[in-house]
Amino acid sequence: MSEFINYTITVRNKGEIVPQIGDSESQHGQFKEEFLEDIEQSLSLLEKYTKREQFTYLGKKLFKALLEPVAVSFAGQVWTRYIIESELTNLRIRIVFEEVNEPTKLASQIINLPWEFLCYPDDNDTFLGTHSRVALSYSYQNWLNNPLDGYAVRESPLRVLFVHGHPKKLPVGFADRVPKILTELAETVKVKELKNPTPDELSEALKEKPHVLHFLGHGKPGALALGDQPDEEPSWLEDRSLSDFLRAGGVKLVVLQACEGASPSEELAFTGTAAHLVKTHIPAVIAFRYPISQSLAWNFVKTLYAKLADGEPVDVAVQAGREKLSIGNQSYTSRDFGAPVLWMRLRDGLLFAAGDKTPERREEKKEDKPLTDKMGEVICPYQGLNAFTEETKQFFFGRVRKVEEIEQMLNQQSFVPVIGASGSGKSSVVLAGLIPRLKELGGWEILPPIQPGDDPIAKLKNLFEPYFPKSKKELQQLNDFLNKEPPNLQGLIERLSDSERFLLVVDQFEELFTLCVDGDKQKQFINLLSQVSIQSRLSVVITLRADFVVDCLNYSDLAQLLGNSVLMPPLEGANLEAAIVKPAKCQGYGFEEGLLGEILKDVANEKGILPLLEFALTQLWKKGDGERHLLTLDGYKVIDGVIGALNRYADELYGQFKEQQRQEWVKRIFLQLLQTGEGTKDTRKWQRKQNLLSVVGDNEEEREAFSEVLEQLICGRLLVTKQEREDGHLVDVVDLAHEALIEGWKQLNQWRQENREIRELAERIEKAKRAWNSHQKDSKYLLDGNLREECHSRLASLTNHLGLSNPALDFVKQSLAVFSFESLIDYRQLDRLLKEEEWKKADEETLRVMLAAKSEEKRYFLDKDDFDRFPCEDLQKINELWLKYSNGKFGFSVQKEIYESLGGTRKYIVGVWEKFGYSVGWRNGESDTRGEKAKWLSYSQLTFNLDAPRGHLPCVLRVDEMIEVGDLVCVWPQGDREWTSPVSEYRESSLLTHKDL
């Protein structure tokens, strides 16, 4: 059970405020009456409020009236010390009133104020009534001097007498819900129902000594409505009579539940009855200040009894119920969370004696053992370089306050950024802290967390696909929601299940800028998430490295959403100690004297130390003394402390690879998992496992050996592997276990400094390749400009560079293959046309680029003289491109092979030439070869016979006479002439020859 610090705020009859921490009084103050008018105005509108800001306004006024006069003690000595700086303590806050025979008007006003709405401005406007580590209740001063005890012995199950008063006036189904809910807790709660009772029947039922009396019905000042009389009016039970009944029955807790609207005078009836019952002899009474919605009332009731049955104090159980109401209200859009009021004079709120459990619970306690693996070994509670997750939440300590802050922020806004430096624990606080917390509270459906990766829109599509039936129409609708401009988040959310609230976690949001190079997809993803502010069902939490905030500011919508962020400071003080010591304690281990101090000294002045600390603790665990269940100073020295543990371990693992080739593979793997940043700042970058395997090509033996190296690094926990969905299929990806490796392992640090300029160039290439991939490998996204020229000049260095993947190197070569550095001609358009098999357009483009190579863009033909010194590189690229996309059918070199295979020589032979025409598909169907003059198609009429054995020549030349050829034959349609001939005479050795091709 958590430790509670008692903070009492006593308000005396004339408005003097006396704060007390434990047994020590603090600086007194005076209730500020000047705020009462504003408060009363807000209260008159309370039922109409629909926005968080309206409730916050009321809460701040309440704070100014009650707590601001004593803010020094509250802010400094209480809230900061016990809530903000420590997660090990909770606050029991009691609003206490001075009891006098004739209270002043001011005292009466103060008593009736809803302090549950009070906001603490210095802590994100936290509502006092819903904070998870605060237990709020009301009392009178003399009650504290004469507290009542709960039960001395715990009996099981918790016995509840449930009374339906005046049921004919209750809404349909109302009276059936509470027992149904309590039945769900049947093992720990036993319910006896009493419907429409007379006072005598109630008195008899109370003699069975239930632990709790739960009354559901109506009331008026000083009385409760019991059974229905013949005239359909209820019989009224006065407070005094109820008090007498309860005194005989021994009930310790009364729940007075109003369930429908009432006039202002009636709204105070249950509060008045509650105070009267506690004043006499009942230890605790829960009443409802306002009627609340039916569905939310059951959330409160269920939570209340579950906590009570588990032995929690009454004020803690009530506070948990208020939290449930606040979640059900969808960001505080109604006043329901401020309705339950607790009047209490129990010692420490315990309905049963502290620590006294049922025999069943004592047995459960005895069975609590450390978690073990399949071999029976105690599991290490530390996570090394991995983030804590929901599966390891029981070992996650030190960030309770931050979890609460994120939770509170979610009740204020739909988009919550969690921002911090690398190694500050952002992912852990969300995955192991927030998500389990929200699941415990209920009312949330948590979507599987995602990381943006190189295609964030695809990640969202995979995430939401399960909510759409597997039909083309439905999936197309999902695509439309995500991809149309603007995207339609509201339409998507309407297709989700009936859960009240959904949470989407986008972890490592910076991947949107480091891995996704498609600006359109970046913008689309941001536009989609930005729409969460205009709907109520979906909330988004992102984790973002602080050094990428500037990238976010380039998008106005996203910049606005970052306005209210949760910042992750370093883990310090008691929270840091808890993160170190408590996981080991969970597993039955302690720390040798002096060890904790040594660890704290080592991490005192280090930044981003959490991953290194967690890794060192993992190594320290391995060196622990199993017999004494102790982590030792000697073990800490062996691992080289927090700062040296990771470097030492990584060196040892690397040293296991004795062969030079395997060491080179390790180097290449790590370099390919790095994203080179500006200056010396690098980040991690996951790779598809298949991409890493391409390092060794198709050699099966080497691929197997390379896979073994990769698995050793994964088993050694320096790398992690997971599955990502791509195009409907799961693919294996590999990533660094944590960015702490980049600086923490000296060997890797040395590798990444080598040839840094080439690595930066390689990174630019990788980004360009990802953009090319995302655009279906469209030629216009191949390298161009200065980047292409730099790749051309450094091709040899890139080929030998260990950080460039083979697919990226192929991308470079393809980019260079579509540009002539001799004539500066860009062949990407020709590449695109050939790829799409637009053969005629490609033929026209070939003529255009050949003319451009001769600086004759306006001509429509090439003369023989143009080829005397035609750029060799261009002819070679044209030939290569046509061969590549036509599977060898079209190209200069192919023409020569065909011509020679038909008996063609340097001497012009008509029959051979006609056969050649048929072979390449340029002959029209009306001509024959029996001496009749062949009619060849002109260029303007050009069509292609794809059934011909080979294709045609991809260029157009115009000549007036036959020229004997050397090593190369070119064929073209002549235009308005009726014949076509082979041509081209290359007299200069620098020009292209068949050998070059």
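A salt bridge is taken here as a side-chain nitrogen of Lys or Arg within 4 Å of a carboxyl oxygen of Asp or Glu. The model is predicted, so that local features need pLDDT of at least 70 and side-chain atom pairs count only at pLDDT 80 or more, while totals for chains, interfaces and linings use all residues. Residues are numbered from 1 along each chain as its sequence is written, and side-chain values use heavy atoms, with hydrogens and water left out.

**Exercise 1.** Determine which parts of the chain are tied together by the salt bridge between E739 and R545.

*Solution.* The closest N and O atoms of E739 and R545 are 2.6 Å apart. E739 lies in the loop between β29 (729–736) and α31 (740–744), whereas R545 belongs to strand β21 (residues 538–545), so the pair ties together parts 194 residues apart in sequence. Helices (H or I, at least four residues) and strands (E, at least two) are DSSP runs, numbered from the N terminus. Both E739 and R545 are buried, where buried means under 20% relative accessible area, exposed over 50% and partly exposed in between (1.4 Å probe, protein chains only).

**Exercise 2.** Describe the surroundings of strand β5 (residues 89–97).

*Solution.* Strand β5 runs parallel to strand β1 (residues 3–11), to which nine bridges join it, and T8 has R94 as its bridge partner. With strand β8 (residues 134–140), β5 pairs in the parallel sense over seven bridges, and F97 stands opposite Y140; two strands pair if DSSP finds at least two bridges between them. Nine of the nine residues of β5 are buried, so the strand is largely enclosed by the rest of the structure.
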